[in-house]
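Hi,

Here is the structure I promised to hand over. Have a look, then read my notes below.

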Amino acid sequence: MNTIQAFARTLIALMLLAIALPSQAAGSKDFGDYQVHWSVLPSTFLSPEVAQANDLQRSKGIGLINIAIMKEQDNGSLKPVTGQVEGKVSNDIQQVKFLAFRRIEEGDAVYFLAQYQYNSGQLMTFNITARPAGLQQDLTVRFAHTLFSD
């Protein structure tokens, strides 16, 4: 299994873990034919090998946000699509940092990753704008999440 496949499998496992957590580390918003899915997790959830192979920092004070743009197919299934994702994150005293998203494409999977700094227990508010390729409409989501260092 190559590094990208290992990373994709790790990320999928982390997203499933995030969905199972009661802290609402994952969510989605419906925009008709499109959905924007997100998950937020501490970078320490990544193995050192996966983090290094994908040029991601792994530290107690660094979080990872994953965004996926999904399009509903005629049969009702969802298919990931490419596009652009921008965003910013602010803490509880309104300090704002812009997120530098990287697009990752692995087979049919397309997702966007960014890292940000946080203090354990600090409420962070995310303002994300996704634009699927070929669509002139911005899909905006806003959500808040608190991470705790392990």
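Which residues have the most contacts inside the largest nonpolar core? They are Ile65, Ile67, Leu99, Phe101, Tyr116, Phe126 and Ile128, in a core of 25 residues. A nonpolar core here is a set of buried Ala, Val, Leu, Ile, Met, Phe, Trp, Tyr and Cys residues joined through side-chain atoms within 4.5 Å. Buried means under 20% relative accessible area, exposed over 50%, partly exposed in between (1.4 Å probe, protein chains only). Strands E2 (34-42), E3 (62-72), E5 (83-90), E8, E9 (123-132) and E10 (139-146) each supply at least two residues of this core. Apart from it lies another core, of 9 residues, including Leu41, Leu46, Ala51 and Leu113.

Some ground rules. This is a predicted model: local features need pLDDT of at least 70, side-chain atom pairs count only at pLDDT 80 or more, and totals for chains, interfaces and linings use all residues. Residues are numbered from 1 along each chain as its sequence is written, and side-chain values use heavy atoms, with hydrogens and water left out.

The protein has 2 helices and 10 strands. Helices (H or I, at least four residues) and strands (E, at least two) are DSSP runs, numbered from the N terminus. The order from the N terminus is α-β-β-α-β-β-β-β-β-β-β-β. Of the 150 residues, 39% count as buried.

Back to Ile128. Among the residues that Ile128 touches are Ile65, Ile67, Leu99 and Phe101, not counting residues up to four places away in sequence. Contact means heavy atoms within 4.5 Å.

Next, Gln35. Gln35 sits in strand E2. Gln35 counts as buried because its relative accessibility is 16%. The side chains of Gln35 and His37 are joined by a polar contact of 2.7 Å. For that term, take a pair of N or O atoms within 3.5 Å; within protein, one must be able to donate a hydrogen and the other to accept it, and residues adjacent in sequence count only if both atoms are side-chain atoms.

Asp33 is in the loop between strand E1 (26-31) and E2. Asp33 and Met70 lie 37 residues apart in sequence and 8.4 Å apart in space, C-alpha to C-alpha. Asp33 touches Met70, Lys71 and Glu72, not counting residues up to four places away in sequence.

Over the whole protein, 60% of contacts between residues at least 6 apart in sequence join residues at least 24 apart.

Best wishes
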